[in-house]
Amino acid sequence: MRATQARFLDLLGADRTQFIIPVYQREYSWQRPQLEDLWNDVTLAGEDGMTHFIGSFLYIPEEDSTATSIHRKLLIDGQQRMTTLSLLLAALLDYLDEDDSRAQFLTDLSPRSLRKSYLFNDDYRGESRYKLVLSMDDKTTMHSLVDGSPLPEHPVRLLVGAKAFFSKRIREGQTSPETLWNGLNKLVIIDTELNPNEDNAQLIFESMNSKGKPLTPIDLVRNFMLLSLSNDRQNELYDQYWRPIEHLFGQGAENEFNTFLWYWLSLKIPERAPKQENAYHDFKYYVQSRNLDREPQTILSELLAYATRYARMFLRQEPDPDLKRKFDKINTLDVRPARPLLMCLYTLMDEHKLTKDEFGRMCDMVESFLFRRMTVGKSTQGLNKMFAGMYRKLDDADNPQECLTALLLAPEKDSTGYFPDDSEFADALATRDIYRGFKKGRLYLLERLEDSYHPKEPVNTGMYQIEHVMPQTIDDSAAWQTMLGPDWQTTHDTLCHTLGNLTLTGYNQEYSNRPFPDKQHLNPGGYKYSPLSLNRYIADCTVWNAETIHERAAALADRACSIWQRPTLSDEIIDEYRPTPRATTRSADWSIETAQPGLAVGGRCHDLFEQLQQAIAEAQPDWSLGVKKNYVGYYTNGGKALHITIKARPSSTSLSIGLNASIDDLDDPNGYAQDKRPYGFTAGCLTRVDVHNTEDIPEVMRLIDQC
């Protein structure tokens, strides 16, 4: 690696040099805040005449360049800054070209000569003519912006916007062209050229901190998979696999890709319990631990297959209308922990281990499981772990449908994954506050009930509003108070928002707070004229009171049990699939002497451990010490919230401490902390700190207090 300090313009203007953005790099992503920062940097440097450092530019020579050809450099780090500064240059030169008098400060230079030096290699043709060549989707827009040709049919909005931003600032006249030119000449960089035979470009890239937007998981994964390959191989794999993946998620979908990656890893390494914030590190662990980085085509092919399933299920891209309707129903519930399970089932169908009909029935079962739990108020907490235990069982099962049914029915009533029975489900539907306490599922519930009367002709979702038959406000309605009877206030308070009093209508505003007979006979729109099956019972009633509301609620709840069915399976079959509890020693059976003898009285680390305990007791009096099989830890919340773990280091008098915090979030000026995310650590702690002697304790306590 050769790294030298240089002017940015000297790098960009190097003779017969072209910088190429490899396909694994992210597309141009700078927006207004980054453009503002760069503009301010350039203008400040131009005003005060001081050099201004803008970061490192890391590149590697393309292997097939010859002495007589363009010297092509693959730009690994710095593409956002080089692209933006090139657009600033183009905007400035456009402005100078309009009027010769504007360029007098250049003395013996001309705008044309500057274009030739910094934007073009004029002695070459085609793509070789451009100093900077962006990746696939950005390339044509960038070329049009620097040479003034018409924009492509679908230009890249951020590139066009960046040049427009600079053009507007220049024309506003608050900063002179001379100041901008002087500022550009004062920009200093670290010019870093890698040796392809000696330097590990991937590790260097990850360790560099560049000015600009932080890399997202989609950037890091793409870079990790493609950077070490030849340019031709990069282009081949990008076109065949990565480009289709990016198109599935669309522009600006970095968060969605990270979510997908997390769910995919949950299927591949469920025993590791991947975390969303560590998805890239877990991805690297998975690929490297299985030597999949040696031939990235294998992993890219798998990623594309799973990304396609993900986009079809959760991004509304499913081409099969029957399956799409099932996915839309599940997605309405928005229970994210179920997504890896559904991806697993879709994969089984793609691998011909399930027919489409079997897959559809299993989707219905998952929908029923999720909605019944939501209705009775069961938390989604713990479902990630429960589902993670199913993936490999389903993959290995001779009968995946039977396997899933058994695994969903196995948990007992008071356990995390209980599948509510008909009695509990119906009772909750009939009695709970559906309208105010069930916002995520209330419209879904009524639409699904309506569809059950005519399943081949579902209602147009979003066409109807929720209607309270007994209005939400009846304080000024003598007609409603009389119909409800002397206990009208109690009836209204307890039943207004329950299922029996709710329906669908397109005439919500027309109904308002009208008396019940008016709502029935309103033409058009009255209950008696409604095409909706949900309104038939209401249309036939002569009175609307507590009795009719209860009766309708019971009927609808009974109907719901047949829509969201709880499957049945014999206890013998369920027992065949029931997870076997691990035979583990209860934590109460462990002591420091049995779990960590090195920390016990007489142990080699006892004295250091005792002093550390005293420091923790003074700083964190609410923390309590607990003993596990492989470590001791400090907890709060009755032993549920783990803050740190402590172990005696083998054959040493030192201690190893696991911190339940990311190294990125710790203030650690003296570098005590070690990042353990790629490898894991005791009890899932993300960071490790070693304590060698009592002098280390004050500094280590600074880190512990941050947990």
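The model is predicted, so local features need pLDDT of at least 70 and side-chain atom pairs count only at pLDDT 80 or more, while totals for chains, interfaces and linings use all residues. Residues are numbered from 1 along each chain as its sequence is written, and side-chain values use heavy atoms, with hydrogens and water left out. The chain is divided into domain 1 (2-214), domain 2 (224-424), domain 3 (426-563) and domain 4 (592-705), with bounds from an automatic or database domain assignment. Taken over C-alpha atoms, the centres of domain 2 and domain 4 are 36 Å apart.

**Second largest pocket**

- A pocket is an open set of points on a 1 Å grid over the protein atoms alone, with protein on both sides within 12 Å along at least five of seven lines; in a cavity, a 1.4 Å probe fits but cannot get out, and lining residues have an atom within 4 Å of a point.
- The second largest pocket holds about 960 Å³ of space, a volume being the space filled by probe spheres set on the points, which are joined across faces, edges and corners.
- This pocket is lined by 33 residues, and the closest to its centre are Arg 325, Lys 326, Lys 329, Glu 367 and Arg 448.
- Two or more lining residues come from each of α14 (321-333), α16 (356-375), α22 (442-451) and α28 (546-563); helices are DSSP runs (H or I, at least four residues), numbered from the N terminus.
- Helix α16 gives the largest share of this lining, eight residues.
- Domain 2 and domain 3 each supply at least three residues of the lining of the second largest pocket.
- The lining of the second largest pocket has 15 charged, nine polar and nine nonpolar residues; Ala, Val, Leu, Ile, Met, Phe, Trp, Tyr, Cys and Pro count as nonpolar, Asp, Glu, Lys and Arg as charged, and the others, Gly among them, as polar.

**Cavities**

- The whole structure has two cavities of 30 Å³ or more.
- The largest cavity has about 70 Å³ of space, and its lining includes Phe 314, Ile 330 and Arg 339.
- Helices α14 and α15 (339-350) each give at least two residues to the lining of the largest cavity.
- The second largest cavity has about 60 Å³ of space, with Leu 12, Tyr 118 and Lys 131 among its lining residues.
- Seven nonpolar, one polar and one charged residues make up the lining of the second largest cavity.

**Aromatic pairs**

- There are 35 aromatic pairs, counted where ring centres of Phe, Tyr and Trp (its six-membered ring) lie within 6.5 Å; planes under 30 degrees apart are stacked, over 60 edge-to-face and the rest tilted.
- Tyr 346 and Phe 359 form a tilted pair, 5.3 Å centre to centre with 50° between the planes.
- Tyr 346 is in helix α15 and Phe 359 in helix α16, so this pair ties together parts 13 residues apart in sequence.
- Phe 371 and Tyr 444 form an edge-to-face pair, at 5.1 Å and 65°, linking helix α16 to helix α22 across 73 residues.
- Both Phe 371 and Tyr 444 are buried, meaning under 20% relative accessible area, with exposed over 50% and partly exposed in between (1.4 Å probe, protein chains only).

**Ile 592**

- Ile 592 is in helix α30 (residues 592-595) and counts as buried because its relative accessibility is 19%.
- Beyond its neighbours within four places in sequence, Ile 592 has contacts that include Pro 597, Phe 609 and Val 632, contact meaning heavy atoms within 4.5 Å.
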